[in-house]
Amino acid sequence: MTEPQPAARTTGLENPLLRTFQSALGRPGIMSFGAGFMNPAGFDVAGVRTAFAAALADDAAPATLQYGLAEGSARLRTAIVERMAAIEVPATPEEIVVTTGATQALDLLCHALVDPGDVVLVERPTYVMPLQRFVLAQSRVVSVPCDGDGLDPVALEAAIVEHRPKAIYTIPTFQNPSGTTLTVERRAAVAKIAERYGVWVIEDEPYRELRYGPDPPPAPVAHHSREHVIYIGTLAKTVAPGLRVGWVAAPSELVGTLISVKQAMDFNGSTVDQAAAAIYLQNVDWTRRTAELRAVYAAPMHTMLDGLEDVLPPGSVFARPAGGVFAWVTLPAGWSASGLLERAVEHGIFFMPGRVFYADVADDRTLRLSISNHTPASVAEGLTRLDAAISAAGAVAR
């Protein structure tokens, strides 16, 4: 008798490097520059505790603990609209759909927009989780070249003409994994290109508030076009990952479809989290909050960037991001990031080889280093281990 087989959409999800990542982190004494887990020092524990207490106060608890709307509570959607206005993206509560984190937001959009065989354009490189979701949607993923200023509009337009995609997925601010930030000129260009060819842009901005300097990044791509740009936001990086609140800001003609899909997915998200998130957003001082985040993440990143100069093999190139939690490295010719990882684990340090972030090309000379759950001291210790690993791998590479 033939055994039942997994769904065809799961083909391509298995990734040996991700399994290596999980097994390596389980070993005693391994430090990780691989994961994007956030530093608990950056969690707003007091603010979240106060918000949950208010959400569960006697007069609020009956509504907080009841079933809710698929699109999310009206109070939270109103608070999100105010937050969107602060980053120069006008919206109404009727254009917001609340999700269980940004991950579900992308799932929602895949269900609502992407049919099997549709082409989705992504940045080269891009975050591995969206790549997996596009695999589940049975789409064909095509990557578009990027440079130090982010997605290349000329290459983007050429890819649209050649492949006729359904959507473009971009992380324009402190991109994962490259750390690049799309310039204001390119943001406007991407929006105009999307309008010209009738293509959806899915704009994902989880790291926007994690900047190292006082000046904010450019306004989102959605600022330049509300008709063709769908914005994904989240509180995971700015408040706490455990507060599972994200959202989609979409054109009104798409929202009805998103709500229907959301009802089919989980009926409604956590009303408790939504109530607390609404209270939090209505009371948070974002100037203070971004300063607190800068104090947590800027110093370890500076330690990482300053230390890499002395650790990497001659001829290596790495970006200097203005925010976020990732450093992106390209090793010189003759080196393999996967091969280096084997030596790194032997020396007690893990990083993410860059090839997991590519949709349709192979590049084994790149790697991503995360400072997201590190202090300057732990970054320095990790770099010492990486230095030893590179020294051990050097003879093999050459």
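I began with the largest pocket, which holds about 770 Å³ of space. This is a predicted model, in which I take local features only at pLDDT of at least 70 and side-chain atom pairs only at pLDDT 80 or more, while totals for chains, interfaces and linings use all residues. Residues are numbered from 1 along each chain as its sequence is written, and side-chain values use heavy atoms, with hydrogens and water left out.

For the term itself I note that a pocket is an open set of points on a 1 Å grid over the protein atoms alone, where a 1.4 Å probe fits, with protein on both sides within 12 Å along at least five of seven lines, and that lining residues have an atom within 4 Å of a point. The volume is the space filled by probe spheres set on the points, which are joined across faces, edges and corners.

Of the 32 residues lining the largest pocket, I found G36, T103, Y127, M129 and K237 to be the closest to its centre. The elements giving two or more residues to this lining are α1 (16-25), α5 (101-113) and α6 (128-136); helices are DSSP runs of H or I with at least four residues, and strands are runs of E with at least two. By class I read 20 nonpolar, 7 polar and 5 charged residues in the lining, with Gly placed among the polar ones and Asp, Glu, Lys and Arg as charged.

Next I looked up R289, which lies in helix α11 (residues 286-311) and is buried at a relative accessible area of 2% (buried means under 20%, with a 1.4 Å probe and protein chains only). The side chain of R289 reaches the backbone oxygen of G42 at 3.1 Å. Leaving aside neighbours within four places in sequence, I list G42, F43, D44, T238, V239, Y280 and V284 as contacts of R289 (heavy atoms within 4.5 Å).

I then traced an open, mixed sheet of 8 strands in the order β2-β9-β8-β7-β6-β3-β4-β5, where two strands pair if DSSP finds at least two bridges between them. At its edges stand β2 (96-99) and β5 (150-151), each with a single partner strand, so one side of each has no neighbour in the sheet. Within this sheet, β8 (residues 229-234) and β9 (residues 246-249) pair antiparallel over 4 bridges, and Y231 has A249 in β9 as bridge partner.

Strand β10 (residues 317-318) joins β11 antiparallel through 2 bridges, with V317 opposite T330, and β11 runs antiparallel to β14 (residues 366-370) over 5 bridges, with F326 opposite S370.

How values were computed:
Buried means under 20% relative accessible area, exposed over 50%, partly exposed in between (1.4 Å probe, protein chains only). A polar contact is a pair of N or O atoms within 3.5 Å; within protein, one must be able to donate a hydrogen and the other to accept it, and residues adjacent in sequence count only if both atoms are side-chain atoms.
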